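Subject: Structure handover

Hello,

Here is the structure for your files. My notes on it follow below.

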Amino acid sequence: NCIICFVFSLIFRCFRSYSIVGVGLLGTFTYCHKYKINRVSFSSSIPSYYRCRATLSTMMEEVKPAFDSDKAAVLVNELRKTFNSGKTKSYEWRISQLESISKMIDEKEKEIVEALQKDLSKPELEAFLSEILMARSSCKLALKELKQWMMPQKVETSLATYPSSAEIVAEPLGVVLVISTWNFPFSLSLDPVIGAIAAGNAVVLKPSEIASATSSLLSRLVREYMDKSAIIVVEGAVAETSALLEQKWDKIFFTGGARVGRIVMAAAAKNLTPVTLELGGKCPAVVDSNVNLQVTSRRIVAGKWVCNNGQACISVDYIITTKELAPKLIATLVSVVEEIFGKDLMESKERSRIINSFHFKRLVNLLEEDKVSNKIVFGGQREESQLQIAPTILLDVPEDSMIMQEEIFGPLLPIITVERLEDSFAMINRKPKPLAAYLFSDDEQIKRKFVQNIYAGGIAINDTILQVTVPTLPFGGVGESGMGSYHGKFSFDAFSHKKAVLYRSFAGDSPTRYPPYTPGKKKQIKALLSGKLLNIMLALLGFYKD
């Protein structure tokens, strides 16, 4: 007892000031309070995913985070040394790393599914299809096509350079940063990394701290399977991401929301770093009256609630249909939802949960807005302790309501009615350009008008979300939904520079191109550039002389 009292007396005599520093989603905050005490201070750095570090110091020293700007700079310099050595440029290195990724996915499938279960309660089959299979398919395609992708592309030359040949050489950009997101934390992390490796770059992957189990797993697996001198995972939250963004990169690839996308782009602009931004938006689905309602409803349900419970950037955000069709469409949607998830929607194990309490409360606020709460026609049940909201359908919510102004990113589905289906086009185009737009119709004229007049990153006719599974189609946004694209060869291109190369011999050197430019030379140059075969032949035969 005496010893305990003595220790406590020392603590109370020494503690005379404390300072708490935190980093949250909206920036950095500092709280300080001082007493008339000296020598010992307490400092805590609190990233947005609530991991704390605390230290006691008798020297009043500033406590640095585990990964700061200085350490980020060292990391980038080491990776640049690796890249400059030429190691990552060889076909053999690229193939070996892609094979390692393929092996990692095959051997660690069970651990991947478990991590996704911890983060999002993803059903096993959904985790396999949307995460494991997508990443595996991307890797296999790159392994199969890499040699072809790397081959220089021969192109035609002009008469002005005759005799000559030319080609386009795809060369790696250098040291690249991939910042991924939480909703598909495995596939959306690995897919761009596969493209970056295939293109011959050194890579830093920053997974989302919100999906912490998958982030931790990726960090461990990449260290275990990949070349640690060229491919690195950095875990962390705002502080770590900020430290990375302060560095000079040769490319930044970001997947996430528009607000953070603007921050990433502003940071990249300081070093004129090119970016690919995969964002999101309000993806509409327009439903015509001539469709097969059962098939249409199943495909909408698959693109909304089966797809990560609506937490997907290409998920159906809202439906537009005619006033006449709306009651039938709602009845069919309800029937399909209950067929797939059961009558007791809150007990279903076939849906992912909401990622965290912040997003749960955000979705509840959308539902409880005064002008929206009385528009629910199906669902609406919620359980915060389980982070679950039932599939919910709303009818004719006001266009100026929050649920129609921001991306929903959850299991809420508004249905808006119009008099004529064509009226939906203007409604969609009044909003920022979405990442995807969907149309269900058997009318060929309506299909053509939709494709020609709706501005979106991509379009699917008579289905949802499947466009991202086609490797020969680019996946990317436009305007508010992003810039740049990837998937398949487009991923390789996203991390490559297309270098123009012209080859000439020392033969065919015409004095025409060199000063002094006499009247005869000017006539000859005009003839050569005219594009008319007779004039070109006369010029080559020397008919234009002073």
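Cys313 sits in the loop between α10 (293–304) and β13 (318–322); helices (H or I, at least four residues) and strands (E, at least two) are DSSP runs, numbered from the N terminus. This is a predicted model, in which local features need pLDDT of at least 70 and side-chain atom pairs count only at pLDDT 80 or more, while totals for chains, interfaces and linings use all residues. Residues are numbered from 1 along each chain as its sequence is written, and side-chain values use heavy atoms, with hydrogens and water left out.

Cys313 has a relative accessible area of 14% and is therefore buried (buried means under 20% relative accessible area, exposed over 50%, partly exposed in between, with a 1.4 Å probe and protein chains only). Leaving aside neighbours within four places in sequence, Cys313 is in contact (heavy atoms within 4.5 Å) with residues including Asn183, Cys283, Glu407 and Phe409.

The UniProt annotation "active site", from an unreviewed entry, covers Glu278 and Cys313. They are spread over 36 residues of sequence but cluster in space, with a largest C-alpha distance of 8.9 Å. Of these residues, Cys313 is included in the lining of the second largest cavity. A cavity is a set of points, on a 1 Å grid over the protein atoms alone, where a 1.4 Å probe fits but cannot get out; lining residues have an atom within 4 Å of a point. UniProt positions are given in the numbering used here, feature names are shortened, and annotations may be inferred rather than shown by experiment.

Glu278 is in strand β11 (residues 275–278). Glu278 counts as buried because its relative accessibility is 2%. Not counting residues up to four places away in sequence, Glu278 touches, among others, Phe253, Thr255, Leu435, Phe475 and Tyr486. Leu435 and Phe475 are also among the contacts of Cys313.

Ile300 is in helix α10, and its relative accessibility is 0%, so Ile300 counts as buried. Beyond four places in sequence, Ile300 touches Val287, Ile319, Leu333, Leu413, Phe440 and Thr464. Ile300 and Thr464 are 164 residues apart in sequence, yet 6.5 Å apart in space, C-alpha to C-alpha.

On the surface, Leu125, Leu129 and Leu133 form a nonpolar patch with about 270 Å² of accessible area together. Accessible areas come from the Shrake-Rupley method with a 1.4 Å probe, and for residues only the protein chains shown count as cover. Leu125 lies in helix α5 (residues 124–150) and is exposed, with a relative accessible area of 58%.

Regards

Key. Patches are made of residues with over 30% relative accessible area and no salt bridge: like charges are joined within 9 Å, nonpolar side chains (Val, Leu, Ile, Met, Phe, Trp, Tyr) within 5 Å. A salt bridge is a side-chain nitrogen of Lys or Arg within 4 Å of a carboxyl oxygen of Asp or Glu. On a 1 Å grid over the protein atoms alone, a cavity is a set of points where a 1.4 Å probe fits but cannot get out, and a pocket is an open set with protein on both sides within 12 Å along at least five of seven lines; lining residues have an atom within 4 Å of a point.
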